[in-house]
Amino acid sequence: MQNVTDRTTNPFDMQPPCESFVPGHGDANADIHVIGDHPGVHGGTDTGTPFTGSAAGDRLRSALRDAGVLTTAADDTPPIDDPDNSFFSYLHPCVPEGAPTPADYRELEPFFDAELRAITAHVLLPVGERATTHVLETCTAIDPADASLEDRHATELHGSGWLVVPCVQPDAWSAAQETAYVEALRAVMATDYQRQADLGRFLVGPEPYTVR
């Protein structure tokens with residue numbers, strides 16, 4: 001099943017309860033979903049696009065290009081990322097005044113979760129502590145408290161229909177952490193990471209019917 005929109009900015013017309021927010025951006029049919037915290041941490045306050053206009057976002061996108069997750073048009077100055085097969089969004093898309101409270105995150109959680117399930121990506125790339133904790137708690141059977149994020153950085157974790165590859169905050173990466181993340185993503189891109197079930201056996205006709 002493919003989504004019925006080719007919009008790359010806020011493809012599902014999410015309207016969180018705030019005056020200013022940074023909507024999800026990318027391919028609504030993406031296999032790769034990059035998940036961040038909020039615009040004050042990962043960027044987009046001025047640009048309107050997640051993971052742009054910040055040191056963390058710039059370093060993350062550079063790593064994603066090196067890994068082959070993102071491509072850019074060679075004649076674009078500055079380079080513009082091709083949204084094909086990737087989607088970027090935040091747990092808390094509203095532009096905050098200061099640090100969001102736990103209640104703020106809870107209020108916006110339904111918006112993020114609806115977008116997560118609408119995209120139905122195969123690979124989730126949570127960025128930073130809060131995004132990784134949320135993804136592990138809601139999309140896997142892994143207890144976030146069992147290991148530190150530093151120990152799980154750039155490792156493949158298997159969830160309920162998702163492959164999860166978390167990373168620590170990009171603007172705090174060491175050179176070794178950046179290399180490990182790029183290599184982990186290259187390994188994912190080189191494998192058949194798509195998880196689909198063929199339900200065609202339940203139908204009358206001979207055609208396969210695959211779903212996420």
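Is His25 buried or exposed? In this predicted model, His25 is buried, because its relative accessible area is 18% and the cut-off for burial is under 20%.

**His25 and its contacts**

His25 belongs to strand β1, which covers residues 25-26. Two polar partners of the His25 side chain can be named. One is the backbone oxygen of Thr8, reached at 3.3 Å. Another is the side chain of Thr9, with which the His25 side chain makes a polar contact at 3.0 Å.

**Positive phi values**

Asn10 lies in the segment before β1. Its phi is near 45°, a positive value in a residue other than glycine. Ala154 also has a positive phi, near 60°, and it too is a residue other than glycine. Ala154 sits in the loop between α5 (149-152) and β5 (157-158). Asn10 counts as buried because its relative accessibility is 7%, and Ala154 counts as buried because its value is 14%.

**The salt bridge**

How many salt bridges does the structure hold? There is one. In it, the side chains of Glu178 and Arg59 meet at 2.9 Å, N to O.

**The negative patch**

On the surface, Glu109, Glu137, Asp143 and Asp146 gather in a patch of negative charge. Glu137, one of the patch residues, is in helix α4 (residues 129-139). Why does Glu137 count as exposed? The reason is its relative accessibility of 55%, since exposed means over 50%.

**Accessibility by residue**

The table collects the accessibility values given above.

| Residue | Relative accessible area | Class |
|---|---|---|
| Asn10 | 7% | buried |
| Ala154 | 14% | buried |
| His25 | 18% | buried |
| Glu137 | 55% | exposed |

Two of these residues also take part in contacts described here: His25 through its side chain with Thr9, and Arg59 through its salt bridge with Glu178.

Terms used:
Residues numbered from 1 in each chain as written. Predicted model: local features only at pLDDT ≥ 70, side-chain atom pairs only at ≥ 80, totals over all residues. Heavy atoms only, no water. Patch = residues over 30% accessible without salt bridge, like charges linked within 9 Å, V, L, I, M, F, W, Y side chains within 5 Å. Areas by Shrake-Rupley, 256 points an atom, 1.4 Å probe, with all protein chains shown as cover. Salt bridge = Lys/Arg side-chain N within 4 Å of Asp/Glu carboxyl O. Lys, Arg positive; Asp, Glu negative; His and termini not counted. Charge placed at Lys NZ, Arg CZ, Asp CG, Glu CD. Helix = DSSP H or I, 4+ residues; strand = E, 2+ residues; numbered from the N terminus. Buried < 20%, exposed > 50% of the residue type's maximum accessible area, 1.4 Å probe, protein only. Polar contact = N/O pair within 3.5 Å; in protein donor to acceptor, adjacent residues only side chain to side chain.
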